[in-house]
Amino acid sequence: MIGLPRRNPPATTGTQQPNHPEGGEDAAARVGKPAVAAGARVVVRGLAKRYQLTPEVTITAADGIDLTVEPGQIIAVTGPSGSGKSTLLHLIGAIDRPDAGTITVDDTEVTTLTRGALARYRRGIGFVFQRYNLLPALTALDNVTAAVLPYPTDFDKKTRAAALLAQVGLAGRENSLPSRLSGGQQQRVAIARALIGRPRLILADEPTGNLDSHTGAEILALLLGLRDTEGVTIMIATHDPTIAAQADHTIHITDGQITPSHPAGATAIGTARR
Ligand SMILES: Nc1ncnc2c1ncn2[C@@H]1O[C@H](COP(=O)(O)OP(=O)(O)OP(=O)(O)O)[C@@H](O)[C@H]1O
Ligand SMILES: [Mg+2]
């Protein structure tokens, strides 16, 4: 599915530059499609996160990040190991709390939410972890339904989980335990799990990091297809230049700051923080 037509509007804020300057159809074209979920708009301003390791040693994992992601965009988040890619996704996904700054997802200012509101917010996010994080004692189907088990839903959980497993190419493997699935298949289950709550935003932390290049390309194609069919906004932390090349925009992080990417990286076009 690599090479799908671009359907995204160009970025509006100038905090990133398009990987594909030719742009694409406007957002209205996507709205006309049978969208399951509309993508979220994410606005990050002045985001900071520090870890105090010892009284003397502080790690600055996010250092004044400004970022705007338009609905339905796919953003690649690149940068060296330890630069703050996971931290950024964790903060946006409300897995972790920032020390300063704001994160606005559609109309929700995430950093001010109370505990109950945070739980509701997280339900609108599909988080895909590098190491899949599947529950080993549960079947593929039960891993997917587990994500929404505590909540009332307007769909039948098992029916939707089975449909999602089929959508990610795992029809017939509903009853397989993770240990009976390949790495790529486990990551597909993890993507189905991320989708079951009809997220507006998918945060994928190195979703192909543990996969061979062929399987990684399949997983990426799956994510690209989701954006095109469902309009979901997707942020992918990655070291893989082929993922960055397929994204609508790439941001490059160094020492917790968005920086211009190296000029040699034709696929990784970034801009400095403002
Ligand atoms: N819970 C934590 N406690 C202390 N330091 C942390 C914690 N989480 C992250 N860090 C530090 O924050 C910095 C950024 O980490 P982060 O995981 O965001 O990097 P990354 O870009 O995702 O790296 P990688 O490519 O290796 O996944 C690193 O120096 C890391 O050691
Ligand atoms: Mg990381």
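Predicted model: local features only at pLDDT ≥ 70, side-chain atom pairs only at ≥ 80, totals over all residues.

Student: OK, ligand next. Which residues surround ligand 1?

Tutor: The shell holds Tyr51, Ile59, Ala61, Gly79, Ser81, Gly82, Ser83, Gly84, Lys85, Ser86 and Thr87. Two elements give two or more residues each: strand E2 (58-69) and helix H2 (85-92).

Student: Which element gives the most to that shell?

Tutor: H2, with three residues.

Student: How do the shell residues divide into nonpolar, polar and charged?

Tutor: Three are nonpolar, seven are polar and one is charged.

Student: E2 came up there. What sheet is E2 in?

Tutor: An open sheet of four strands, in the order E2-E1-E4-E5. The pairing is antiparallel. E2 and strand E5 (108-109) are the edges; each has a single partner strand, so one side of each is left without a neighbour in the sheet.

Student: How many bridges join E1 and E2?

Tutor: Nine, in the antiparallel sense, with E1 covering residues 42-52. Lys49 stands opposite Ala62 in E2.

Student: Now the other sheet. What's the strand order there?

Tutor: E6-E7-E8-E3-E9-E10. That makes six strands in an open sheet with mixed pairing. The edges are strand E6 (125-128) and strand E10 (257-259), and each pairs on one side only. From one strand to the next, the twist averages 25 degrees.

Student: What packs on that sheet at the E6 end?

Tutor: Helix H6, residues 183-195. H6 touches E6 and strand E7 (201-205), and its direction makes about 165 degrees with that of E6. Helix H7, residues 213-230, packs on the sheet too. H7 touches strand E3 (74-78), E7 and strand E8 (233-237). The direction of H7 makes about 160 degrees with that of E8.

Student: What sense do E6 and E7 pair in, parallel or antiparallel?

Tutor: Parallel, over four bridges. Ile125 stands opposite Leu201 in E7.

Student: And how many bridges link E7 and E8?

Tutor: Five, and the sense is parallel. One to look up: Ala204 has Ile236 in E8 as its bridge partner.

Student: What handedness does the E7, H7, E8 unit have, right or left?

Tutor: Right-handed; E7, H7 and E8 form a β-α-β unit.

Student: Is E7 mostly covered or open?

Tutor: Mostly covered: five of its five residues are buried. Both faces of E7 are covered. Leu201, Leu203 and Asp205 are buried on one side, Ile202 and Ala204 on the other.

Student: Why does Glu206 count as buried?

Tutor: Glu206 has 22 C-beta neighbours inside 10 Å, and the cut-off for buried is 20 or more.

Student: And Asn133, what's its phi?

Tutor: Near 55 degrees, again positive in a residue other than glycine. Asn133 sits in the loop between E6 and helix H4 (140-146).

Student: Why is Asn133 called partly exposed?

Tutor: Because Asn133 has 13 other C-beta atoms within 10 Å. Exposed needs 12 or fewer, and buried needs 20 or more.

Student: Zoom out for me. How many helices and strands does the protein have?

Tutor: Eight helices and 10 strands. Of the 274 residues, 43% are buried.

Terms used
Residues numbered from 1 in each chain as written. Chains lettered and ligands numbered in written order. Pairing = 2+ DSSP bridges. Axes fitted to C-alpha atoms, helices over the stretch in contact; angles between N-to-C directions. Contact = placed C-beta atoms within 7 Å. Near = placed C-beta within 6 Å. Nonpolar A, V, L, I, M, F, W, Y, C, P; charged D, E, K, R; others polar. Right-handed = clockwise from strand over helix to strand, strands pointing away.
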